[in-house]
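Visitor: Hello! Could you walk me through this protein one question at a time?
Guide: Gladly, ask away once you have looked at it.

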Amino acid sequence: MTKRLSDTREMSREKADQLLQEISDLEIQAVKKAASSDARINKIKAEAKQEQELISAGITVRAEQLKTYILAHPDEFKKPRSRQTPFGRYGMRETSGLEIDNEAEVLEFLKENRMNTMFKIEETVLKTPLRAAVKKGIKIPGVRIDIGETTFYQVDKVLLAQAKKETIS
C-alpha cells in the first residue's frame with residue numbers, strides 16, 4: 001500500500017534507505033500478525049459454523065413438528081390464538097404482506113399523482129463525469145481539480161505477500 005509523506009527534513013540517501021527498510025520490516029510484522037489473527041479467527045468461525053448448522057438443523061426439525069401439531073389442531077388456536085408456556089408461546093397469527101407486481105408501474109403512478117411520501121429519489125454528485133467536464137474547461141461553481149506533488153513510499157508487495165504466506169503455512 002502506498003503511503004503519502006510530507007516530512008521534508010534533510011538526511012542522507014543511506015538514512016532514507018535505512019528508514020524504508022525499517023518501515024518494510026514493521027509492515028511485514030504487521031502483515032504477519034494480521035495473517036496469524038485472521039487464521040485463528042477463520043478457524044474459530046469454521047468451528048462455530050459447524051456447531052450452528054447442527055443447532056439450526058435441530059431447530060428446523062422441531063419447528064416443523066410444532067407446525068404440524070398446530071395445523072392439525074386449529075380449534076385449539078381460535079381463542080386464544082396462542083399458547084403461553086414457561087419457554088415462550090406458539091399458535092396461529094394473522095399476517096399480511098405488501099406485494100408489488102410491477103414496481104416501475106407503481107412508481108410512475110405515484111409520481112403522476114404526487115404521492116411523494118411513498119417513494120424516494122437519491123441524489124449524489126458523480127465525480128468521474130464531473131472531473132471530465134472540468135478537464136474539458138467547463139466552469140462549475142465550487143468545483144476544481146487540485147494538482148500538486150506529494151511524497152510516498154511503498155513496501156514491496158512481494159515481501160508482504162511472502163510474509164503472509166509464511167505465517168499462514
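Visitor: At the start of α2, which backbone nitrogen does a side-chain oxygen of N102 reach?
Guide: First, a word on the source: this is a predicted model, where local features need pLDDT of at least 70, side-chain atom pairs count only at pLDDT 80 or more, and totals for chains, interfaces and linings use all residues. Residues are numbered from 1 along each chain as its sequence is written, and side-chain values use heavy atoms, with hydrogens and water left out. Helices (H or I, at least four residues) and strands (E, at least two) are DSSP runs, numbered from the N terminus. At the start of α2, the N102 side-chain oxygen comes to within 3.2 Å of the backbone nitrogen of A104.

Visitor: Is I100 buried, partly exposed or exposed, and why?
Guide: I100 sits in the loop between β3 (88-91) and α2 (103-112). Buried means under 20% relative accessible area, exposed over 50%, and partly exposed in between (1.4 Å probe, protein chains only). Because its relative accessibility is 47%, I100 counts as partly exposed.

Visitor: About what area does the nonpolar surface patch with I100 have?
Guide: Patches are made of residues with over 30% relative accessible area and no salt bridge; like charges are joined within 9 Å, and nonpolar side chains (Val, Leu, Ile, Met, Phe, Trp, Tyr) within 5 Å. Accessible areas come from the Shrake-Rupley method with a 1.4 Å probe, and for residues only the protein chains shown count as cover. Here L98, I100 and V106 make a nonpolar patch of about 310 Å².

Visitor: How many salt bridges does the structure hold?
Guide: A salt bridge is a side-chain nitrogen of Lys or Arg within 4 Å of a carboxyl oxygen of Asp or Glu. E122 pairs with K120 at 3.3 Å, N to O, and D146 pairs with R144 at 3.5 Å. K78 bridges to D75, with the closest N and O atoms 3.6 Å apart. The number of salt bridges in the structure is 3.

Visitor: Are K78 and D75 buried or exposed?
Guide: K78 has 56% relative accessibility, so K78 counts as exposed. For D75 the value is 60%, so D75 also counts as exposed.

Visitor: What is the phi of R114?
Guide: Most residues other than glycine have a negative phi, and most peptide bonds are trans. R114 is found in the loop between α2 and α3, and R114 counts as exposed because its relative accessibility is 72%. Although R114 is not a glycine, its phi is positive, at about 50 degrees.

Visitor: Where does P80 lie, and is the peptide bond from K79 to P80 cis or trans?
Guide: P80 is placed in the loop between α1 (13-72) and β2 (82-85). With omega near -5 degrees, the bond from K79 to P80 is cis.

Visitor: What separation do the C-alpha atoms of K127 and R13 have?
Guide: K127 belongs to helix α3 (residues 127-135), and K127 is exposed because its relative accessible area is 70%. K127 and R13 are 114 residues apart along the chain, and their C-alpha atoms are separated by 39 Å.

Note on methods: A polar contact is a pair of N or O atoms within 3.5 Å; within protein, one must be able to donate a hydrogen and the other to accept it, and residues adjacent in sequence count only if both atoms are side-chain atoms.
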